[in-house]
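I opened the model to look up a few spots. These are my notes, in the order I took them.

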Amino acid sequence: MNLLIDIGNTRLKWGMVKDHQIIAGRSLVHDQVTRHELVNLWEKIPPPQRIAIACVSAKHLLEQVLSVALALWPGADIVPAKSQAQAFGVRNAYENPEKLGVDRWLSLVAARHYYPGPACVIDCGTAITVDVLDAYGKHQGGLISPGLMLMKKSLSLGTEQLQFSEAHHAFGLATNTAAAIYSGTLSAAVGLVEHAVARQPENMQVILTGGDADLIATQLVFRPIIDPDIVLRGLSIILKSNA
């Protein structure tokens, strides 16, 4: 059994690989990532032989995770994921390949393996990222925008009268400020996704992931693939290649 760990900007996701299947575990938001909570999550799972870790978040979170993993399974082989110029059938478009977020790199690796052909991977998380892959595995580049939560928080920080709210409202023209912010930020996200996809070939598969993927998908004019575990799938491919 192998363990996959994805430390994102907002939460830690993890899963186990058994018989080539990913069994996702309960995710944790950052303020829940304590030694006690990690031990509670992992002390009863089968000891992993190998652990693949991706981290785009604060260094202290990675150190916390590594400390618990080494204490629970001192014999496990730990494999840190890193963005590369070319590997696993994907060629990175970035001028400095290591600067591409490792979560985006892993999503492209997984898209190449699980969704062959032209693909557009859109992560609807803390930030909204768009990455396009052509039919030959060549990364065409990407886009980065604030996610829904960051858009709402920026309004509350930059204005006196607009308060932050996590409440959901009916989508459309609104008759109160909270609902107007909800629909306005969601419209911005939907517009970004639809604009990016409209410029790509018609046969391109569109894969959404991240915490707001389901919400954004409900307002799109097309039906995307929703894959919440695409980064974990990328980690599993890296483990296979390093076996």
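I started with the contacts between helix α3 and helix α7. D103, L106, S107, V109, A110, A111, H113 and Y114 in α3 meet I230, V231, R233, G234, L235, S236, I237 and I238 in α7. I took contact as heavy atoms within 4.5 Å. Helices (H or I, at least four residues) and strands (E, at least two) are DSSP runs, numbered from the N terminus.

The model is predicted: local features need pLDDT of at least 70, side-chain atom pairs count only at pLDDT 80 or more, and totals for chains, interfaces and linings use all residues. Residues are numbered from 1 along each chain as its sequence is written, and side-chain values use heavy atoms, with hydrogens and water left out.

Next I checked the crossing. The axes of α3 (residues 102-114) and α7 (residues 230-241) come within 7 Å and cross at roughly 75 degrees. That makes α3 roughly perpendicular to α7, a term for angles of 65 to 115 degrees. Axes here are lines fitted to C-alpha atoms, for helices over the stretch in contact, and angles run from 0 to 180 degrees between N-to-C directions.

I then looked at R233 and Y114. The charged end of R233 sits over the ring of Y114, 5.5 Å from the ring centre. The rule asks for NZ of Lys or CZ of Arg within 6 Å of the ring centre and within 35 degrees of the ring normal.

Aromatic pairs came next. Rings of Phe, Tyr and Trp (its six-membered ring) pair if their centres lie within 6.5 Å; planes under 30 degrees apart count as stacked, over 60 as edge-to-face and the rest as tilted. By this rule I have two aromatic pairs. W14 and W42 are edge-to-face, at 6.1 Å centre to centre and 85 degrees between the planes. This pair links distant parts of the chain: W14 is in strand β2 (residues 11-18) and W42 in helix α1 (residues 35-42), 28 residues apart.

Buried means under 20% relative accessible area (1.4 Å probe, protein chains only).

W42 also pairs with W73. Their ring centres are 5.9 Å apart and their planes are at 45 degrees, so this pair is tilted. W73 lies in the loop between α2 (59-72) and β6 (77-80), 31 residues from W42. W73 is buried too, at 7%. W14, W42 and W73 form one aromatic cluster.

I moved on to H139, in strand β11 (residues 139-146). H139 is buried, at 2% relative accessibility. Its side chain makes a polar contact of 2.8 Å with the side chain of D131. A polar contact is a pair of N or O atoms within 3.5 Å; within protein, one must be able to donate a hydrogen and the other to accept it, and residues adjacent in sequence count only if both atoms are side-chain atoms. A polar side-chain atom of H139 also lies 3.2 Å from the backbone oxygen of G141.

Last, I checked N92, which H139 contacts. N92 lies in the loop between β8 (90-91) and α3 and is buried at 9%. Which backbone atoms does the N92 side chain reach? It reaches the backbone nitrogen of Y94 at 2.9 Å and the backbone oxygen of P97 at 3.1 Å.

Terms used. Buried means under 20% relative accessible area, exposed over 50%, partly exposed in between (1.4 Å probe, protein chains only). Angles under 35 degrees count as roughly parallel, over 145 as roughly antiparallel, 65 to 115 as roughly perpendicular and the rest as oblique. Lists of a residue's contacts leave out its neighbours within four places in sequence.
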